[in-house]
Amino acid sequence: MDRTASRRPASRRPASRFAVRALALAALPVLLVTGCSSSSDSSDDATRDNEPESVAPTPEPVRFEGLPEPCQTIGQDTIGEVVPQADPESGETLSSSDTSTSAACLWSGLDDFQFRSLTVALRRFDSDLSLGSGDERATAYVQQMVDEITGDDANRDVESAELAETGDAATSIAYTVTKTGEEDEDEQDYRQQRVVSRVGNVVLTLDYSGAGFEGDDMPSADSVREAAETAAREAVAAVDASADASGGETPAEEESQESGDDA
């Protein structure tokens with residue numbers, strides 16, 4: 001009998017069991033890792049499912065979504081006082097590429113040799129996430145309209161002051177300017193007043209001008225200022241009422257009303 005041959009089967013069996021056990025042990029960490037990964041993924045999915053969906057930011061609400069007709073912001077009685085012999089008495093609507101954001105009206109008249117003109121310009125601002133709220137943008141525009149007068153070296157005797165009870169904020173500016181006619185030697189002095197007022201997200205810019213032609217006296221600074229500020233307050237009140245007529249409310253008014261409803 002060949003002893004070598006009889007020992008070969010016995011040596012193969014232990015090796016086979018060892019190999020199977022080694023493979024099993026080697027595979028165990030892989031299964032554990034796979035199991036952990038599967039459990040983690042399920043947990044992450046569940047967490048994502050429970051998270052609220054993000055809401056895209058929206059611009060701040062504005063009080064005015066449109067503008068009133070500028071020629072209707074000042075009554076005919078007031079026009080008769082500040083612009084005598086206005087032609088047309090109802091005013092002239094100036095052209096605008098978008099009347100929902102900008103509009104203007106002009107009144108002018110010549111009473112003997114006394115000339116008067118009045119312009120009401122309205123500018124509305126929407127809220128913009130990158131530019132700011134409508135009110136903030138309007139506030140910046142007010143300063144631009146003030147700087148347009150105070151920063152012009154051609155304007156003389158410039159006097160600027162805050163004007164109370166005229167919108168959310170207002171500035172009144174008095175100045176004198178000399179304008180040249182068609183011929184270079186034809187010069188005329190004008191007494192001017194600009195009132196700039198913000199009402200929510202709308203800016204009202206009122207320009208009033210007076211002159212005496214053919215050597216007639218130029219109107220006094222006080223008379224020009226009083227006429228301009230009277231007309232400005234009336235125009236601001238009309239703009240303010242246009243929001244009330246359309247049901248518009250400021251964000252503060254809406255918040256106050258909501259608090260009252262909750263109570």
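This is a predicted model: local features need pLDDT of at least 70, side-chain atom pairs count only at pLDDT 80 or more; totals for chains, interfaces and linings use all residues.
**Entry 1: Ser197**

I started at the side chain of Ser197, where a polar atom sits 3.5 Å from the backbone oxygen of Ala169. I took a polar contact as a pair of N or O atoms within 3.5 Å; within protein, one must be able to donate a hydrogen and the other to accept it, and residues adjacent in sequence count only if both atoms are side-chain atoms. The backbone oxygen of Thr166 is 2.8 Å from a polar atom of the Ser197 side chain.

Residues are numbered from 1 along each chain as its sequence is written, and side-chain values use heavy atoms, with hydrogens and water left out.

Is Ser197 buried or exposed? Ser197 counts as buried because its relative accessibility is 0%. The cut-offs I used are under 20% relative accessible area for buried, over 50% for exposed, and partly exposed in between (1.4 Å probe, protein chains only). Leaving out residues up to four places away in sequence, Ser197 touches Thr166, Gly167, Ala169, Ala170, Val202, Val203, Leu204 and Val236. Contact here means heavy atoms within 4.5 Å.

Ser197 belongs to strand β6, and its bridge partner in β7 is Leu204. Helices (H or I, at least four residues) and strands (E, at least two) are DSSP runs, numbered from the N terminus.

**Entry 2: the sheet**

Next I stepped back to the whole chain. I get 5 helices and 7 strands, in the sequence pattern α-α-β-β-β-α-β-β-β-β-α-α. The 7 strands make an open antiparallel sheet, ordered β1-β2-β3-β7-β6-β5-β4. At its edges are β1 (92–94) and β4 (156–162), each pairing on one side only. From one strand to the next, the twist averages 15°. Two strands pair if DSSP finds at least two bridges between them.

I then went through some pairings. β5 (residues 169–180) and β6 (residues 187–199) run antiparallel and are joined by 12 bridges; Thr171, for one, has Val196 as its partner in β6.

Why call β7 largely enclosed by the rest of the structure? Because 10 of its 11 residues are buried.

α4 (residues 221–245) lies across β3, β5, β6 and β7, at about 30° to β6. Axes are lines fitted to C-alpha atoms, for helices over the stretch in contact, and angles run from 0 to 180 degrees between N-to-C directions.

I checked the span of α4: its 25 residues reach 36 Å from first C-alpha to last, close to the 36 Å expected at 1.5 Å a residue. The expected value is 1.5 Å times one less than the number of residues.

Which residues of α4 are buried? They are Val224, Ala227, Ala228, Glu229, Ala231, Ala232, Ala235, Val236, Val239 and Ala243. An α-helix has 3.6 residues a turn, so residues three or four places apart point the same way. The cover over the buried residues of α4 includes α2 (76–82), β3, β5, β6 and β7.

**Entry 3: cores**

I looked up nonpolar cores, meaning sets of buried Ala, Val, Leu, Ile, Met, Phe, Trp, Tyr and Cys residues joined through side-chain atoms within 4.5 Å. The largest has 31 residues, and Ile74, Val83, Trp107, Leu118, Leu204, Leu206 and Tyr208 touch the most other members. Two or more residues each come from α2, β2 (102–111), β3, β6, β7 and α4. α4 gives the largest share, 9 residues. A second, separate core has 15 residues, including Ala138, Met145, Val146 and Ala211.

**Entry 4: Ala86**

Last stop was the loop between α2 and β1, where I found Ala86. Ala86 is buried, at 16% relative accessible area. Beyond its neighbours within four places in sequence, Ala86 contacts Ile79, Ser108 and Gly109.
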